[in-house]
Amino acid sequence: MQTLLLVGVGRMGLPYLAAGRALGARVVAVETAQKAESIAGLVDRLIVTRGASDELWAEGAFAAVAAERPDGVIAFSEPQVLAASMVQEELGVPGPSLRAGVISRNKALQRGRFAAAGIAQPDYLVVDDLAGASEWALERLPVVVKPLSMAGSMGVELVPDAAAFAEVAARRAGEGRLLVERAVEGPEYSWEALVVDGAVWFANVTAKETTGPPNFIEVAHRSAADITDDVRAGVDRFGADVLAATGMRSGLVHLEFRLTDAGPVLMEIAVRTPGDHLMELLGLTYGLDWFELVARVALGRELPAAPSGPIRYAASYLPLATAGTVTAVHGLEAVREHKAVVEAGLSVAVDSVIEPARSSNQRVGQVLLAAGDRAELEAALAEVRRTLVVETR
């Protein structure tokens, strides 16, 4: 019997537990004390970390490997990527490669590597003090300021003019090393690819909808994006070039880009499970369990035939609400009864306090939808937006 090690599970990684069981594998998990109790009865062995830093995830992963040698290892989210990459390398089991894991975890390393490889990306500067970057930035306005190792739009901020840059530099003084990039115009997309021994088994393009500046919080995703075959082929070539530059071997890749008149421009890459229920959207769109596919790759199992195309169209809606205290919630049950809605939930209730939205953490719920064609999906998505309302004061 094979053993599958999950470095981090969280809530959205729970389907990996079912996938391991479906493949007849023992499942070992490394998780924080805060979340350990909820999965203790679902795994064969549980290692509890002493915290949620990269170093303590690695400590937990090392302890899990010392306890019993796994046949496959999966990192759930960004803080677990380095831990999983190190033990994958140590054990010689399938994985993205240690190089890909390190690059995934640091946006400044990505910029340096992709600049050398000739990958289209924004002009950039890595700084320890934003104020010292003012001359460079003022020549390239608008610019985007972002931290090196965060996810979910945390710390991402568009700076439109000189006055705004001075304010941001003062407000974020002492924050540490930051990345400053020339802002790129064009719609946002992501490219999800399952890779085996450096070759793409299958790839999907997802269209993103965000709040726009200054924080670009993602509020909707549509898998099997409505783009031409020529554009899709260009994105696939671009993705393959990025994989080669990253040293990607096996596993899941989530690549974010903007589509400009000159072609795709890279925003960032991650070699782990994408958030915002994209795995569920891929399953709905192509009729395959993507959690099981990733587990198969991790355990060195055979994959089924790749999809020939979408069997339906899917989207996620991740609503925001105005900051304040929640006074009423409307439409949740009506949304759940809609024929195109697969799942719907809210993370707030009456008297909840909602902070001003600056990252994905401030979104108040999720709705997953699937339909037979794009027009039907768009109509359902519009209906959900009208129906689901969170009132605040």
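These are my notebook entries on a predicted model of one protein chain.

**Ground rules.** I worked with a predicted model, in which local features need pLDDT of at least 70 and side-chain atom pairs count only at pLDDT 80 or more, while totals for chains, interfaces and linings use all residues. Residues are numbered from 1 along each chain as its sequence is written, and side-chain values use heavy atoms, with hydrogens and water left out.

**Overall form.** I looked up the secondary structure and found 13 helices and 19 strands in the protein chain. Helices (H or I, at least four residues) and strands (E, at least two) are DSSP runs, numbered from the N terminus. I then checked the radius of gyration, taken over C-alpha atoms. The protein chain has 21 Å, which agrees with the value near 21 Å for a compact globule of 393 residues; the rule is 2.2 Å times the number of residues to the power 0.38. Along the principal axes, the C-alpha atoms fill a box of roughly 60 × 50 × 45 Å.

**Burial.** I noted that 53% of the 393 residues count as buried, meaning under 20% relative accessible area with a 1.4 Å probe, protein chains only.

**Helix α4.** I turned to α4, residues 81–91, and listed its buried residues as V81, A83, A84, S85, V87, Q88 and L91. I found that their cover includes β1 (3–7), α3 (54–67), β4 (72–75) and α5 (98–104), where contact means heavy atoms within 4.5 Å. After α4 comes G92, and I recorded its positive phi, near 70 degrees.

Methods: Buried means under 20% relative accessible area, exposed over 50%, partly exposed in between (1.4 Å probe, protein chains only).
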